[in-house]
Structures are given as C-alpha cells and as structure tokens.
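Here are my notes from a look through the model, point by point. Have the structure open as you read.

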Amino acid sequence: MNEPIVARHWLAVAAPKAGPAVATSTVLILGRIWNANGAEHSVGNAALMTVLAAAAAAAGIASSTGWAGDRVIAGTAFATSGALALAGVAGYADGLSLPLLLWALATAVAYGIADRHWRTDRRETVGYERHTALQREQHAHVERVEALRAGAQIEVAREGAVYATALAQALTARATLPGFDPAALTRTGLPELPAIDITKES
C-alpha cells in the first residue's frame, strides 16, 4: 500500500535551524535591556551573574564526569552557564562591542553543538528510510512470487478441469455410438476417470 506523502511547511523546517540564533539573541537583548535599567557597571549584579554562571558550569562538570552522568543535564547546565555569562557581560558592559563578540562566539558554539545532533538525526532518519524501503521491497517481492505461484496453480487446475470435462464428453459421445463395449475399455487397461462434481464446476 502506498503511503501518503506529507510535505512539511517551510517554517517547520526552518524553525529548528534558527533555534540557536534565537536563543543567543534573546539572551543578548535581555542583557542589554537589563543594562539600560541600571545594571551597567553594577559590581553586585556582575558578581551575582558570575556566581550563577560558575555554579551552572560546576553542575555541568559534575553531571558529565559523575558515575551517573547524564549528557542532557550536563548540556543544559553548560548552556545555562553560557547564557548567564553572556547576560552578565551584556548587562555590565557599557558598549556593544564585547557583548556582540560574545554573542557571535556563543552562536557559533551553539550551532556547532546543534550540528552534531542534526547529523546524528539525519543518519538515523536515512538509516530508517533505507531499512523501511528494503523491507517494503522484500515484502513486494514475496507478494509477487506468491501471486505468480497462485496464478500458475489456478491455471493448472483450470486446464485439468477442462481436459477432464472434454474427455468425459468424448467418452459419453462414444458411448452413444453403435457397437460400443465398455468392458473393452477396461480390458485394454484404460485408467478410470475420477468422478467430477458437476455442481462445483458450475
């Protein structure tokens, strides 16, 4: 059976690709808004963001190197640490050059990490599609072979029934002729015809 072809909308395709840039841009914008509301050159705010970023980084290191390490938790912790560091610099710095530099660096790193996951997903998707296509081809081949075999059996049975019917009709016509001796057929060793159920043939 043919499966329906589903065309994904271009926004659904582009949204995951724009995710890292949207995330880092959001952090930069929020950091600059925080800068405009009094965080510029605020030692207390900078110290707070430094402590939070260091704590998130320490949580990532502990999660990635521990006995029960979880890559998802470690990645989330490192991403949080980077976001806090970027927000702290964007909020504390008086110009845009350093925040933009860190934003570009964070965006590049985010795309580098995301690209690994995208490549893994693509490999898994291609492998699944190949496996599915192979299974579909194997099933189609089996179906074709079985259809040919069933068709051949039906054709043989039909030809056998036609031959038996024609032979029975010939013997019946021969029996109506004068001088027909059924015992002579038996003496010559002619095999007995199998009984034909006329109701099934009709």
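Predicted model: local features only at pLDDT ≥ 70, side-chain atom pairs only at ≥ 80, totals over all residues.

1. Start with Thr107. Once residues up to four places away in sequence are set aside, Thr107 touches Ala21 and Thr24. Thr107 sits in helix H4, and at a relative accessible area of 10% it is under the 20% cut-off, so it counts as buried.

2. Now look from the other side of that contact. Thr24 belongs to helix H1, and Thr24 is buried too, with a relative accessible area of 10%. The side chains of Thr24 and Thr107 are joined by a polar contact of 2.8 Å. Thr107 is one of the residues that Thr24 is in contact with beyond four places in sequence; Leu86, Trp103 and Ala106 complete that list.

3. Next, the open space. The largest pocket holds about 900 Å³. Among the 26 residues that line it, those closest to the centre are Gly75, Ala79, Val109, Ala110 and Ile113. Which elements give two or more residues to this lining? They are helix H1 (10-39), helix H3 (71-92) and helix H4 (97-175).

4. What is the lining of the largest pocket made of, by class? There are 17 nonpolar residues, along with six polar and three charged ones. If you want to picture how such spaces are found, rolling a probe the size of a water molecule over the atoms shows where empty space is left.

5. On to the aromatics. The count comes to one aromatic pair. Tyr111 and Trp118 have ring centres 6.2 Å apart and planes at 65°, which is over the 60 degrees needed, so the pair is edge-to-face.

6. Are the two partners buried or exposed, or something in between? Tyr111 has 28% relative accessibility, which falls between the 20% and 50% limits, so it is partly exposed. Trp118 has a relative accessible area of 18%, so it comes out as buried.

7. Ile33 and Gly91 are 58 residues apart in sequence, yet their C-alpha atoms are 7.5 Å apart in space. Ile33 has its place in helix H1.

Definitions and conventions. Residues numbered from 1 in each chain as written. Heavy atoms only, no water. 1 Å grid on protein atoms, 1.4 Å probe; cavity = no way out; pocket = protein on both sides within 12 Å on 5 of 7 lines; lining within 4 Å. Points joined across faces, edges and corners; volume = space filled by probe spheres on them. Helix = DSSP H or I, 4+ residues; strand = E, 2+ residues; numbered from the N terminus. Nonpolar A, V, L, I, M, F, W, Y, C, P; charged D, E, K, R; others polar. Phe/Tyr/Trp six-rings, centres within 6.5 Å; stacked < 30°, edge-to-face > 60°. Buried < 20%, exposed > 50% of the residue type's maximum accessible area, 1.4 Å probe, protein only. Contact = heavy atoms within 4.5 Å. Polar contact = N/O pair within 3.5 Å; in protein donor to acceptor, adjacent residues only side chain to side chain.
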